[in-house]
Amino acid sequence: MSSEKNRITKADLKKIFWRSVPTEHSWNYERQSNCSYCFALLPILKKLYPDKKDLSESMKRHMEFFNTTPYVVTFPLAISAAMEEKRAENPDNFDTASIVNVKTALMGPMAAIGDTLFHGTLRIVATGIGTTLALQGNPLGALLFLLIFNIPAWAIRYIMTFKGYEIGTGFLEKVQKSGIMETFTFLASIIGLMVTGAMSAGSIGLALNINFGTGDAVTSVQSLIDGIVPRLLPLVLFGIVWKLLKKKKVSPLVMMLAMIVIGIIGAYFNIWGYDLKGVGLLLRHALLERLNLLGNAEQRRRVLVFRF
């Protein structure tokens, strides 16, 4: 039986919050986040079950398979704490198996919401804003990335610790019946796709520096493409890379090296437009600096055979 002295307090819930931070530090292939889940609940379990046998049984319950998004793990942790508290108060009339069942039921939906919100939306938004500023040479880019992602992540982790304990086991059933969870996940997915598309169009620098015609009748191939679909080439490049990575299972390292080589070759032959042409300008600048170091006119003539 649990006495008032053994009731869960706000200080106990704060321990869950802090001990949930290293959730992925003990991740393993067999039961994934089970060790960290038990670690986060351990102070409360010790408080609720002074008897070593009861404590051992409660720890075994939370060493079973578990995995969800680490930023929302405090919600099922707090619900498990609330259920363990109820069991400690009346062990004879409490269905002990329901503790594991509810935890398992929460695992998938919470991962869907957490992955969509944090990995699929918030991380992309933070990366888009941060990299945009960083590409402009603004040091606030890295700082804003960390703030935009971590402030909501820590705030939600903290709030869910207490909300999970207050709401208890009835939350999941109510949300699933009302359809809020599915709607939220769907809307968050749309936002994530919109942000991905906008970031791809704005961050992928790919344009052609190919013209045809003479005099005033010169026409740019890139202007024709933009007249059909603006930023079409970045979209095509994004689609090719995605297909090679996801469908053909090409190594990301191979893809990066291939794009570097293609970028340098294209810049050398002046194929690329405003963005990748900068690679050629850097090479030309390096060449001119090298020529300044060469005092012999014959050496400079030989080097200039490689026209930039």
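A residue counts as buried when its relative accessible area is under 20%. The figures below show close-up views of a predicted model.

**Figure 1. Gln-32, a buried residue in the loop between helix H1 and helix H2**. With a relative accessibility of 17%, Gln-32 falls under the 20% cut-off and is therefore classed as buried. The loop that holds Gln-32 runs between H1 (10-19) and H2 (34-48). A polar contact of 2.7 Å joins the side chain of Gln-32 to the side chain of Asn-67. Leaving out residues up to four places away in sequence, Gln-32 touches Ser-26 and Trp-27, and also Phe-65, Phe-66 and Asn-67.

**Figure 2. Ser-20, a buried residue in the loop between H1 and H2**. The relative accessibility of Ser-20 is 1%, so Ser-20 counts as buried. A polar atom of the Ser-20 side chain lies 2.6 Å from the backbone oxygen of Phe-17. Neighbours within four places in sequence set aside, Ser-20 is in contact with Ala-40, Val-73, Thr-74, Leu-77 and Arg-157.

**Figure 3. Arg-19 in helix H1**. Arg-19 has a relative accessible area of 23% and is partly exposed, whereas Ser-20 is buried at 1%. Not counting residues up to four places away in sequence, Arg-19 touches Phe-39, Ala-40, Leu-42 and Pro-43. The C-alpha atom of Arg-19 is separated by 8.1 Å from that of Leu-41, and the two residues are 22 apart along the chain. Ala-40 is among the residues touched by Arg-19 and is also in contact with Ser-20.

**Figure 4. The contact of helix H2 with helix H4**. Two packed helices are described by the distance between their axes and by the angle between those axes. The axes of H2 and H4 (residues 74-89) come within 10 Å and cross at roughly 25°. H2 and H4 are therefore roughly parallel to each other. The crossing of H2 past H4 is right-handed. On the H2 side, the contact is made by Tyr-37, Ala-40, Leu-41, Ile-44, Leu-45 and Leu-48. On the H4 side, it is made by Pro-76, Leu-77, Ser-80, Ala-81, Glu-84, Glu-85 and Ala-88. By class, the residues in the contact of H2 with H4 are 10 nonpolar, 1 polar and 2 charged. Ala-40 of H2 and Leu-77 of H4 take part in this contact, and both are also in contact with Ser-20.

**Figure 5. The contact of helix H5 with helix H6**. The axes of H5 (residues 97-135) and H6 (residues 140-167) come within 6 Å and cross at roughly 160°. The crossing angle makes H5 roughly antiparallel to H6. H5 passes H6 in a right-handed crossing. Residues of H5 in the contact include Met-110, Leu-117, Phe-118, Leu-122, Arg-123 and Ala-126. Further along H5, Thr-127, Ile-129, Gly-130, Leu-133 and Ala-134 also meet H6. Among the H6 residues that they meet are Leu-140, Gly-141, Leu-144, Phe-145, Ile-148, Phe-149, Pro-152 and Ala-153, together with Ile-156 and Met-160. By class, the contact of H5 with H6 has 17 nonpolar, 3 polar and 1 charged residues.

**Figure 6. Overview of the protein chain**. The secondary structure comes to 13 helices and 2 strands. Of the 308 residues in the chain, 33% are buried. Among contacts between residues at least 6 apart in sequence, 68% join residues at least 24 apart.

Terms used
Residues numbered from 1 in each chain as written. Predicted model: local features only at pLDDT ≥ 70, side-chain atom pairs only at ≥ 80, totals over all residues. Heavy atoms only, no water. Helix = DSSP H or I, 4+ residues; strand = E, 2+ residues; numbered from the N terminus. Buried < 20%, exposed > 50% of the residue type's maximum accessible area, 1.4 Å probe, protein only. Polar contact = N/O pair within 3.5 Å; in protein donor to acceptor, adjacent residues only side chain to side chain. Contact = heavy atoms within 4.5 Å. Axes fitted to C-alpha atoms, helices over the stretch in contact; angles between N-to-C directions. Parallel < 35°, antiparallel > 145°, perpendicular 65-115°, else oblique. Left-handed = near helix turned anticlockwise from the far one by under 90°. Nonpolar A, V, L, I, M, F, W, Y, C, P; charged D, E, K, R; others polar.
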